[in-house]
Structure formats: structure tokens, C-alpha cells
Amino acid sequence: MGLSVSWTTRPRRPGEVDGVHYRFVDQAAFDFAVTRDEFVEWEQYRGYSYGTPWSEVQRALESDEQVVLEIDVRGARSIKHHYPDALSVFIEPPSVQSLEQRLRARGTDPEEDVVARLEAAREELKSRDLFDHAILNDDVERAAGELEAILDSSGPPGP
């Protein structure tokens with residue numbers, strides 16, 4: 001199983017490594033990739049662009065790996081459009097308040113980004129039922145075990 005590395009135009013946070021957490025690119029490079037239809041899904045959020053390259057998905061499929069995409073609800077809809085049999089899992093915070101605590105404790109986002117992310121989370125929580133599975137992320141080890149069990153029982157590899 002592999003984790004897809006998405007592209008983003010946002011600045012790198014402390015500790016993030018290019019090519020591991022994201023591929024950090026400027027807007028011109030991202031826009032050029034969009035014109036070449038290099039993304040299976042892409043979005044703009046808070047002035048930054050994020051996208052999953054087709055090449056990441058194809059690489060995994062060609063090597064019979066499962067690939068995990070860390071994407072938002074809109075991205076998940078796009079993936080389901082291109083790959084109707086893709087397994088979708090909604091990772092849900094215990095509450096919006098606990099998500100706020102996590103974001104603030106991280107200390108990497110300006111206040112306006114925290115507020116925007118919380119509003120986006122409230123909207124995304126309304127889409128929970130569109131996913132094949134939902135996992136409550138109230139305990140990381142338990143949630144990871146639940147995800148592992150879902151993936152183990154999901155059948156053939158795919159996005």
C-alpha cells in the first residue's frame with residue numbers, strides 16, 4: 001500500500017518534506033499541469049491549489065498496490081467519478097471543537113485559515129454518508145486499526 005503524494009502551491013510547514021508530504025510547486029507549475037490534464041482531481045482552497053496526479057494513481061495500479069489518497073470531499077467525488085469502484089473512507093473528528101483544538105495546538109496556521117478550515121469541516125461532515133465507510137478519529141491507534149481492517153477486507157487493489 002502506498003500514500004499518494006499530492007501537489008500543492010501552499011508554503012511548506014515546519015517538518016514537511018518535498019516529495020514526502022506534498023510536492024511543493026509554484027502556481028505556474030501547477031497551472032501548467034492542469035492544462036496538461038495531469039491531475040485526477042484538483043481543488044483550490046484558501047488561495048492555494050492542491051491536486052492528485054494521475055501518475056501517482058497509475059503507478060500504484062500498475063504495481064498492484066492499494067493507494068491511499070488524502071483528499072477532501074470534493075476530491076473524493078472526483079475520484080469516484082473516475083474510479084467508481086474506489087473505496088472511500090471518511091475520517092471524522094470526534095467533534096468540531098476537538099478539531100479546532102488540534103488545529104490550534106499545531107500552531108502552524110494563521111487564524112483566518114483555522115476559521116476557514118473549521119467552516120469547511122462543518123460542511124464536509126454533512127457529506128459523511130456519501131462514503132463507503134466512516135471512521136471516528138477519537139483514538140489514533142483504534143482508528144488506524146479500523147482503517148487497516150477495512151483495507152484488508154476491501155478486495156483487489158485500487159485507489
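Which residue in strand 8 stands opposite Val-89?

1. Val-89 has His-133 of strand 8 opposite it. Strand 7 pairs with strand 8 (residues 133-136) in the parallel sense over 4 bridges; pairing requires at least two DSSP bridges between two strands. Strands (E, at least two residues) and helices (H or I, at least four) are DSSP runs, numbered from the N terminus.

2. The model is predicted: local features need pLDDT of at least 70, side-chain atom pairs count only at pLDDT 80 or more, and totals for chains, interfaces and linings use all residues. Residues are numbered from 1 along each chain as its sequence is written, and side-chain values use heavy atoms, with hydrogens and water left out.

3. Buried denotes under 20% relative accessible area, with a 1.4 Å probe and protein chains only.

4. Asn-137 lies in the loop between strand 8 and helix 6 (140-152). Asn-137 is buried, at a relative accessible area of 17%. Leaving aside residues up to four places away in sequence, Asn-137 touches Ile-91, Glu-92, Pro-94, Arg-102, Arg-142 and Ala-143; contact means heavy atoms within 4.5 Å.

5. The protein chain comprises 6 helices and 8 strands. Buried residues account for 37% of its 159 residues. Of the contacts between residues at least 6 apart in sequence, 57% join residues at least 24 apart.

Definitions and conventions: Buried < 20%, exposed > 50% of the residue type's maximum accessible area, 1.4 Å probe, protein only.
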